[in-house]
Amino acid sequence: MMQDASLYQRRRPPTQAELDGIPWLHLLQPSERARAVAALVVGDACAGDYVCRVGRPVTYWFGVVEGLLKMSADNADGLTMTFTGVPPGGWFGEGTVVKREPYRYNIQALRKSVVAGLPIDTFHWLLDHSIGFNRFVMNQLNERLGQFISAREIDRMGRPDLRVARSLAALFNPVLYPGVGQVLRITQQELAYLVGLSRQRVNEALAFLQAQGAIQVEYGGLRVLDLEALRTSLFPQQQGMPA
């Protein structure tokens, strides 16, 4: 919000329904919750809007109420590396907020999204006063570490079906993204952006994973049928697909 003037100008107080979708609020004591609610703002991001950019100072801790964001950065060759997607219920950047350091990644909306922001000073006040908030942030950091280790493994996978499977498993993480549930609203093109494959390859991989009983492709999204298989199964090699 502070990083993009147009998005910042669209900030507003959250509605009650939006507050109900923030997973850590119910962990706070009444006085803590009142302070957090008074400080929270939301911004209505359009597709392509940047929530934060590399090198900009941190001002908020962000979360996705609706929509889909992607976390990425440019490497030394000028190529964009996508680290992960952030679906509804996901809060991100707590490590950056804790250290009060500039962002090392870009966060961009892939579609129209509602993004919530907690000011950095309120974040640190909650760290100093709320046991429930501390536990939530600690769980976030721990789960995030596992997510990025998995992301490195995904980058080394040559099989598109496995890359798509592991990437979907990450988006269905119930700790980091409790707002997703069993159905993720995502298009094949959006998934292609996140996985780093062509839309055609993603379409073939989704059809294969559906045939394996791991997912069900629905109108406007995907339903997970076997999360453990998406996380760990090697699945039989598809004919005509690279090993």
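Glu101 touches Val58 and Thr96, leaving aside residues up to four places away in sequence, where contact means heavy atoms within 4.5 Å. Glu101 sits in the loop between helix 4 (94-99) and strand 8 (106-109), and its side chain makes a polar contact with the side chain of Arg104 at 3.4 Å. A polar contact here is a pair of N or O atoms within 3.5 Å, one able to donate a hydrogen and the other to accept it, with residues adjacent in sequence counting only if both atoms are side-chain atoms.

This is a predicted model, in which local features need pLDDT of at least 70 and side-chain atom pairs count only at pLDDT 80 or more, while totals for chains, interfaces and linings use all residues. Residues are numbered from 1 along each chain as its sequence is written, and side-chain values use heavy atoms, with hydrogens and water left out.

Accessibility is given for two residues, with buried meaning under 20% relative accessible area, exposed over 50% and partly exposed in between (1.4 Å probe, protein chains only).

| Residue | Relative accessibility | Class |
|---|---|---|
| Glu101 | 15% | buried |
| Asn203 | 37% | partly exposed |

Asn203 lies in helix 9 (residues 199-211), and its C-alpha atom is separated by 9.6 Å from that of Leu191, 12 residues apart along the chain.

Helices (H or I, at least four residues) and strands (E, at least two) are DSSP runs numbered from the N terminus. In strand 5 (residues 69-74), five of the six residues are buried. Strand 5 runs antiparallel to strand 6 (residues 80-86), joined by six bridges, and Asp74 has Thr80 as its bridge partner in strand 6. Strand 5 also pairs with strand 8 in the antiparallel sense over four bridges, pairing being assigned if DSSP finds at least two bridges between two strands.
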